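Take a look before reading on.

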Amino acid sequence: MSAVNIWEKMLNVDRRWIFLGIGIVSIVPFLIGFGMPITTTIEVEGIFDYVDELGPDDAIFIGFDFAPGTQAENMPMAVAVMRHAFHNRIPVFMTAYVPLGKGMAVAALDYVTNPKTDGYYERVLFEDWADYREAGITNKEELTAAWESDGNVLSEGAAGWVFEGRDYVLLGYLPLFHLVILGMTGSIETQFPVDYHNNPIGGMPILMEHKSLREVDLALTTSGSAACTAWITYAREKIGLPIAFGVTGVMATDYFPYIQSGQIVGQMGGLRGAAEYEVLLKENGITRTTGKAFRGMDVQSAAHIFIILLIIMGNIAFFAGGFHKKTRLKGRR
Amino acid sequence: MKRTVPLMIVMVGGILMMVQYFIPHQYSQVILDNYVEWAPIVGAFALILGVGSLTRLHTHKIRRKAKNWQYSWAVLIPLFGMPFFALIVPQSLGGGSEVHGVHDFLFMHIQVPIQSTMFSLLAFYIASAAFRAFRAKSALATILLLAAVIVMLGQVPIGDVLGKWLPNTGLWILRYPNLAAKRAIMLGVGFGMLATNLKIIFGVERNWLGGAGK
């Protein structure tokens, strides 16, 4: 077999071998877990520092503006910021720019409040603490004290209580969400009279203290769509609401101009961004362990190396075989 | 009449909303509130139109036994099945959109895995495409290839292990050359959108009428 034939054979390799290779480098590191260290960037630190300075008197929006297709990247971002907010007792509004985002918000909340999750938060549903609301106990510390004095004990391993309507509210999805953002700059309740569970939000302490986006301190949009620009156009530019982005890796490059212009406080780009936030949570003692994004970075490392090797091999074969001189390769390329 | 009325609505509505944005007055806010209430209602008619059109298309395919007509069932059954379980079936029978209902089960165990799988397939095709198509055929292609490799390595932890210069260079590429290019594109698109919108508002651009009234 001549040398040219070897190169040609290499370039015409059955694509199923490449698929097998990418399958192996995706699965094996996930099972082994190398735990390679991740350094944080100023883009992610900007969000972390901003959230870290907020407290119980403030509030944030987390936009689940993605569909299941990008959940591997977007979900860990939302989960990390939600855990940060719950730890600092910052009330959280949850919305969805796309219909399927509502299900993603439910899944994120279930994960953070699931006893199987390390450092989970014990959830108290809106109807379960109705008596306390009627008694006028809505302050978080007083509510927690009253709740525990009535015999409710925080489970071992739980990081704290989260009361629906006090610490968080799941508002859900509405069509034409850019108009909903615009409407919420005047009043959140006019856009969402009830929450996802049909509870009237007018009676929720979280809404009584934060009636419109003007009384909210940050909106994080975790997005695989055009939601980012909608939040900038209708909330940031109209009322000056601070915005942070959590976007997929391929979208991240699009939004660097917003960071430099100071229109957003920071950006988590792809799985890397989520992993950096998880590292910051752990380094600052907010969580005991890192999460799924950190683990996923081992897979990304292996996959990137594999793809780079493929590019190098492809180029070697292309030039060594002299195919750059020909207009077309033989075979089924 | 078929052309004049829609053109007038667009012109009045467009100018009104444009001016409203810059007037911080109570009446201006009332106009905005009304618009925000009305727009989703008008938008809902588009949903009816869309669902109606999709249903008609696929029922027609099934009736005619057109090519791949079986797949039309895969469109129609979920299209009506999901709202059926979420809105019509009582909660005691697993209805509603709450967790542990049939709707939630279908969403979490069918829709989520399907969409995640579809997106994950990209990794396989990107790897194959990178091997077959990413060639350093010219100086510009070589620069693109090198930048891609540096950014790819800089974005993953192994880049830190290989050398600090990799993530630093990768971030420099993203923060400066990439930013400059993106800003130029965004400005171009922005001006283009502004010009197109003004042309639509003032009736210069009429393609959106779809030939009505001709």
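Which residues have the most contacts inside the largest nonpolar core?

## The core

They are A:Ile60 and A:Ala108, in a core of 101 residues. A nonpolar core here is a set of buried Ala, Val, Leu, Ile, Met, Phe, Trp, Tyr and Cys residues joined through C-beta atoms within 7 Å. Buried means that 20 or more other C-beta atoms lie within 10 Å of a residue's own, with C-beta atoms placed from the backbone. The largest share of this core, nine residues, comes from α4(A).

Setting aside neighbours within four places in sequence, A:Ile60 is in contact with residues including A:Val51, A:Ala85 and A:Val216; contact means C-beta atoms, placed from the backbone, within 7 Å. There's also a second, separate core of 13 residues, with A:Ile22 and B:Phe131 among them.

## About the model

This is a predicted model: local features need pLDDT of at least 70, side-chain atom pairs count only at pLDDT 80 or more, and totals for chains, interfaces and linings use all residues. Residues are numbered from 1 along each chain as its sequence is written, while chains are lettered from A and ligands numbered from 1 in the order in which they are written.

Chain A has 15 helices and eight strands, taken as DSSP runs (helices H or I, at least four residues; strands E, at least two) numbered from the N terminus. Of its 333 residues, 47% are buried.

Terms used:
Buried ≥ 20, exposed ≤ 12 C-beta atoms within 10 Å, placed from the backbone. Contact = placed C-beta atoms within 7 Å.
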